[in-house]
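Let's walk through this one together, with the coordinates open beside the text. We'll start with a sheet, move on to a disulfide, and finish with the charged pairs.

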Amino acid sequence: MIFPCPLALCLFISLSRLVVSFPANRSDRNRASLARPSDASDVTTNAIRSSMLLQKLSLSDRKPPIYIHQSQESMRLMTRDQATTADAKTFIAGKIVFNFACKLPKYKDAALSESRKTICNLVETGLTRAAARIQQILNLQTPITVSATFESNCLQVSADAQSLADCKWNKVLGAAAPSGWHDLHSEGLLHDEFLYPTALARQYFPNDTSIQGVSDINVNLNSDSPWWFLTENNPHGEGSGNGGSYGPPLVRTRTFEFGTGMVDPTEPHLRDENLLPSDKVYDFEQTAIHEIMHGLGFVSAWGPHLDDVLLPSSPVLLSNEAGSGKIVSLGKSYIFDRTLEHTGTRTLMSEYAAAMRTEAENISKLVNEQSTEILDDGHLLSVWSELFLKSPAGKLAQTLQSGVASTPMQLLFWYKSGYSIHLEEQFSYAILYTPRVYDGGSSLSHIDASVYGSTKDYLMRPFCTTGSGIDALTPHQRGIGVLGTVAVGMLRQMGYTTH
């Protein structure tokens with residue numbers, strides 16, 4: 001999730017550095033099994049899907065809302081079949097394939113219709129450039145597919161004319177998530193106790209049919225946002241290098257404001273006093289990179305999955321091979337979570353997770369033993385939840401919610417950063433974003449907003465930087481482009497191969 005804000009307050013995240021090589025020829029014994037565990041019920045599958053949806057990461061704005069009204073004249077020009085006007089196409093950017101839908105409203109007016117086409121083309125260019133930036137450091141041995149949508153969040157709710165007239169930007173720039181999480185098994189190559197995002201699973205086992213699907217990553221970018229796009233006349237963003245004294249406002253692209261006091265996107269040099277100032281406009285490419293990174297697996301499974309206490313994943317129901325009834329456990333965390341450490345106790349979060357799962361299963365076994373009949377799933381979960389929250393594991397989860405998830409500087413992501421001159425492994429860490437008020441979709445799944453605010457590793461902070469294009473903000477770093485060493489290291493630690 002990303003939130004726009006002023007230059008001094010807004011930026012992103014990056015992390016680790018661990019090289020994983022993929023053998024050219026894998027034997028059958030190293031083939032992954034992508035099926036869910038054999039003892040897992042459908043509840044397990046639903047929990048994983050539900051966890052994925054809960055972890056959709058959106059980029060939004062903490063500042064007061066920007067209210068922009070549409071003229072009645074432009075409303076009359078708009079057709080009523082908004083939901084069926086998507087311009088869908090497939091294009092390829094290196095080893096990233098985009099299934100792209102540009103869902104801007106269609107207009108009868110020729111000038112507005114042309115502006116709509118221009119914006120869709122600029123979005124496609126921005127996605128292509130974002131893919132190129134990521135592939136500067138990410139060595140994708142197997143192509144991945146990104147389903148990307150550019151549409152109004154208002155249209156997602158209703159397509160009628162009045163809804164659009166009343167629409168106000170909800171301060172969300174974009175959202176993204178892996179299309180799925182996979183339980184992989186191999187001999188020493190993977191970490192079986194964690195789930196892998198589809199894009200990463202495909203790199204290890206490209207021929208496994210169980211990974212096949214429409215997409216590996218789902219990205220939604222909000223066309224209601226005040227975007228700036230790179231153009232030939234303005235490749236870096238207005239005001240870049242002026243020390244905060246910005247020139248003409250950046251190009252505005254509100255979905256339904258092409259004809260109401262807006263500069264024509266094909267002529268970004270024109271000034272218009274009705275345009276938003278540049279510090280309220282957001283670089284599309286910067287956001288696209290950030291969201292695709294989330295889709296690659298830059299997301300934690302830890303969250304308040306039960307009564308606002310921090311758990312490694314949602315509760316799941318498993319079959320009980322040793323007796324009657326089912327067993328309640330906690331689902332697997334994501335590979336992102338493997339090296340997270342609580343700074344207060346210097347304990348890996350995976351150790352907490354293992355202890356919680358053991359107690360969760362013991363409690364459910366006790367419930368089954370003391371019941372005179374086999375409990376249905378709902379009743380079992382209800383009784384289990386009450387007992388779990390009162391148990392030491394439940395108390396630990398409460399402590400972690402307040403002491404880790406809602407306390408700054410309490411969660412580290414460790415990653416391998418290289419070797420010493422004596423060939424000893426060296427490690428670095430990134431500080432994750434844990435604000436005092438837990439923020440679902442942002443907390444734990446970004447690097448700290450303040451620590452990395454004025455550094456080259458800003459990209460994966462939970463806030464977007466306004467007023468300049470990404471090239472004006474980040475000097476190109478040899479070998480890693482604009483992503484920063486922290487983000488590159490984190491991708492390696494998760495299991496991706498980098499250049």
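Which residue in S16 does Phe194 stand opposite? Phe194 faces Ser333 there. Before going further, a word on the ground rules: this is a predicted model, where local features need pLDDT of at least 70, side-chain atom pairs count only at pLDDT 80 or more, and totals for chains, interfaces and linings use all residues. Residues are numbered from 1 along each chain as its sequence is written, and side-chain values use heavy atoms, with hydrogens and water left out.

Back to the sheet. Strands here are DSSP E runs of at least two residues, helices are H or I runs of at least four, and both are numbered from the N terminus. Two strands pair if DSSP finds at least two bridges between them. With that in hand, you can trace an open sheet of 3 strands in the order S7-S8-S16, with mixed pairing. Its edges are S7 (181-182) and S16 (333-334), each of which pairs on one side only. Strand S8 covers residues 194-197, and its pairing with S16 is parallel, over 2 bridges.

Asp183 and Lys332 meet through their side chains in a salt bridge, at 2.6 Å from N to O. (A salt bridge means a side-chain nitrogen of Lys or Arg within 4 Å of a carboxyl oxygen of Asp or Glu.) Asp183 sits in the loop between S7 and S8, while Lys332 is in the loop between strand S15 (326-330) and S16, so the contact ties together parts that are 149 residues apart in sequence. Is Asp183 buried or exposed? Asp183 is buried, because its relative accessible area is 2%; the cut-offs are under 20% for buried, over 50% for exposed and partly exposed in between, using a 1.4 Å probe and protein chains only. Lys332, at 23%, counts as partly exposed.

Next, the sulfurs. Searching the whole structure turns up 1 disulfide, a disulfide being a pair of cysteine sulfur atoms within 2.5 Å. The bond joins Cys102 to Cys120, with an S to S distance of 2.0 Å. Cys102 belongs to strand S4 (residues 96-103) and Cys120 to helix H3 (residues 110-135), so the link ties together parts 18 residues apart in sequence. The torsion about the S-S bond is about -80°, which means that the disulfide is left-handed. Both Cys102 and Cys120 are buried.

Side chains of opposite charge can pair when their charged atoms come close. How many salt bridges does the rule give? The count comes to 9. One of them joins Glu124 and Lys89, whose closest N and O atoms are 2.9 Å apart. Glu124 is in helix H3 and Lys89 in strand S3 (residues 87-93), 35 residues apart, so this pair links distant parts of the chain. Glu124 counts as buried at 17% relative accessibility, whereas Lys89 is partly exposed at 38%.

Lys390 is exposed at 57% relative accessibility, and Glu386 is partly exposed at 49%.
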